[in-house]
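Thanks for asking for a walk through this one. Here are some notes to read with the structure open beside you.

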Amino acid sequence: MTRVGRWAADHAVLFVAGLVLLYMFLPVSFVVLMSFNDPVSRLSYEFQGFTWDNWRNMCAPAGLCSSLLTSIQIGLAATLGATVLGTLAAFALVRHRFRGRKATSVLIFLPMATPEVVMGSSLLALFAAGGLAGRLGFWSILIAHIMFCLSFVVVTVKARLAGLDSTLEQASMDLYASEWTTFWRVTMPLVFPGIMAAAMLSFSLSFDDFIITNFNHGNTITFPMFVWGAAQRGIPPQVNVVGSLMFLTALLLVLVSTGIGRRKQAA
Amino acid sequence: MTETQTPAAGAQLSLRALTKRFEKFVAVDALDLDVGAGQFFALLGPSGCGKTTTLRMIAGLEEPTSGQILLGGDDIARLKPYKRPVNTVFQNYALFPHLNIFENVAFGLRRRRIGNVKPKVDEMLELVQLGAMATRKPSQLSGGQQQRVALARALINQPRILLLDEPLGALDLKLRRQMQLELKRIQTEVGITFIHVTHDQEEAMTMADTIAVMNNGVVEQLGGPTELYDNPATTFVSNFLGQSNLIRGTVKTAGADVVVDVHGTTAAVPADRARVTSGDVWVGVRPEKVELTAAGQAAGAPGTTQTGTTLAGGVVAEVAFIGVSTQYLVEMPWGQQLTVFVQNNGARDDFRPGDPVDVHWRGEHTFLLDAAQDAHAGEEE
């Protein structure tokens, strides 16, 4: 092969990788860019001038910040509920042999495979049948979110648990650790990354959910509901500020976690 | 927890009618076994013979179906693993991946809230020559180093018995030889009773004072390496430890020597080497104990008296040169092929395929086994 040919071959992967990254991050960078936009009218989606105003007055559009707060509250509560329940379920499914274990595994997986529209509408039917039609709101959204996050938590934690060598726990018991100590000293630290990943996944699923929430929200407005409503009249640029903040938070979390990982490697 | 601070001393372990059944399969069948204090004891057998299950029952990781495990007189068979003064070196080491080497070794001490951890761990890491690795993670160590950490993590607790479950199985041959000597050195140094499970007969013979050969959940034979090798009690032991030539014969008379008719030739076997003294028997002789001469020539090994047995009419069928020795397959008139190992020390003639030869052996090098046993039991492991 010629020298030029070899250079091209060596760098072809990098070039393609660059293109893929560009493809993935172009929309995100556009969100960040538009968060600094100073639009002439609410319906214009072109970049017309740079301003800090959107960042300074994030809560200016009526209802934006309250909907954001609602989404964060629901997201955190749903994450907590789904993570605790899902982790317990995953332990039961991986570590214990009981009647109907296989069937439970399949049933827990089912909500993930069900189209959200179907799930949302049937949940609404369920709530209505339960006489809750007039009282839909924060709690009905939370119940729905915990339900669909649960499947993801179980699947994520189960995978981590299945990869955990059970002789490690036997070794711990052999070294004078009781069942309880073994769980907290050996099992938990090793499964924790899986639980953490499941929690983060739950939060972003809950925060992001529109379809199921749309059926069951009553008068409560979550952030996605707000954006949907605003889109009818023109999306305020502050929505892009929220988007940028979400992106930055996620970026920060990833950087911190890889930082910790690297420090642990070095230690 | 003051008793753990006293110098380590091995304990006498006795298994009484220990049985483990998995559904219908009997893994360990009414096992009786005594391991003396301070012994290096090996449980040797092919996979599935019940040796690992036995070990796991002693550790408390498997609950016996019935029977007793007596440690210094106390029955520990129903105790939780963390209540037993017994530690294990696992086959895959089972080091905690989230803890560094120091914390791995300190784990047992910390669980029992024993103070003064650092000097103890440092001393133990010195013993296994890993002092410099204390802050590393297990994944940063080589297989041999991980193996030694696993050993240190168990030994630091000064258990009354140390259990080793095929601890060298994952190492390459050279490292394994080195670790065998290392383990033996450490055992002599700490004086703890070691129970070592292995399927490698050479490993068991190199290290153990006493070997229990297991097969199908029972002990076939128990004894020192030399005794097991020179005077096996069953065809399984004779084939599983090294190789054996088993030749069919019939007992003619039994006295101080048992006289056997072997395909028309008379062979004498000392009575203490005969497991049966009447009827059909296997006459067993190890390949390196057989002498080969050109047909019609007398056996002439230095110091050999002429009281042995000579079987004439053999023909060399195959020759394999392996450096220190040459392996011959000799076809006998009755169709059986005998294996003969000849040291390449220049004192013997070389033979080629087709050469007519006689085979000779001495009575005290043979053993008699019951002909009802399968001559091929325990082969090819």
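Predicted model: local features only at pLDDT ≥ 70, side-chain atom pairs only at ≥ 80, totals over all residues.

1. Local features are discussed where pLDDT is at least 70.

2. Along the principal axes, the C-alpha atoms of chain B fill a box of roughly 75 × 45 × 35 Å. Chain B has 381 residues, and 41% of them count as buried. Among the contacts in chain B with a separation of 6 or more, 66% are between residues 24 or more positions apart.

3. How many of the residues of β8(B) are buried? Six of its six residues are, and the strand is mostly covered. In a regular strand the side chains alternate between the two faces of the sheet. You can follow that pattern here: T193(B), I195(B) and V197(B) point one way from β8(B), while F194(B), H196(B) and T198(B) point the other way. The residues on both sides are all buried.

4. Now look at the strands that pair with β8(B). Strand β3 of chain B (residues 40–44) runs parallel to β8(B), and five bridges join the two.

5. Strand β11 (residues 245–254) is joined to strand β14 (residues 280–285) by six bridges, and the two run antiparallel. In this pair N245(B) stands opposite V285(B). Strand β11(B) is also joined to β12(B), by four bridges and in the antiparallel sense, with T253(B) opposite V259(B). Together β11(B) and β12(B) form a hairpin, with two residues between them.

6. Two backbone angles in chain B deserve a look. Most residues other than glycine have a negative phi, and most peptide bonds are trans. N116(B) is not a glycine, yet its phi is positive, at about 60 degrees. This residue lies in the loop between α2 (101–111) and α3 (117–127) of chain B. Is N116(B) buried or exposed? N116(B) counts as exposed because it has 9 other C-beta atoms within 10 Å. The other case is H263(B), again not a glycine, with a positive phi near 45 degrees. H263(B) sits in the loop between β12 (257–262) and β13 (265–270) of chain B. With 16 C-beta neighbours inside 10 Å, H263(B) is partly exposed.

7. Next, the place where the two chains touch. Chain B gives 17 residues to the contact and chain A gives 16. On the chain B side, the elements giving two or more residues are β6 (86–89) and α2. The largest share of that side comes from α2(B), with three residues. By class, the chain B side divides into eight nonpolar, seven polar and two charged residues.

8. Turning to chain A, the domain assignment gives domain 1 (1–61 + 239–267) and domain 2 (63–235). Note that domain 1 is written as two segments. The centres of the two domains of chain A, taken over C-alpha atoms, are 28 Å apart. Seven residues of domain 1 and nine residues of domain 2 make the contact between them. The domain 1 side has six nonpolar, no polar and one charged residues.

9. Do look at helix α8 of chain A, residues 179–208. Where does α8(A) bend? The bend is at M188(A), by about 50 degrees, and a proline, P189(A), follows within four residues. Several residues of α8(A) are buried, including T182(A), R185(A), G194(A) and F203(A). Their cover includes α3 (64–95), α6 (138–162) and α7 (166–174) of chain A.

10. Finally, see how α3(A) packs with helix α10 (residues 223–233) of chain A: the angle is about 145 degrees and the axes are 7 Å apart. From α3(A) the contact takes L64(A), S67(A), L68(A) and S71(A), and from α10(A) it takes F223(A), M225(A) and F226(A). These residues divide into five nonpolar, two polar and no charged.

How values were computed
Residues numbered from 1 in each chain as written. Chains lettered and ligands numbered in written order. Buried ≥ 20, exposed ≤ 12 C-beta atoms within 10 Å, placed from the backbone. Pairing = 2+ DSSP bridges. Domains from an automatic or database assignment. Contact = placed C-beta atoms within 7 Å. Nonpolar A, V, L, I, M, F, W, Y, C, P; charged D, E, K, R; others polar. Bend = angle between axes of the 7 residues up to and from the residue. Axes fitted to C-alpha atoms, helices over the stretch in contact; angles between N-to-C directions.
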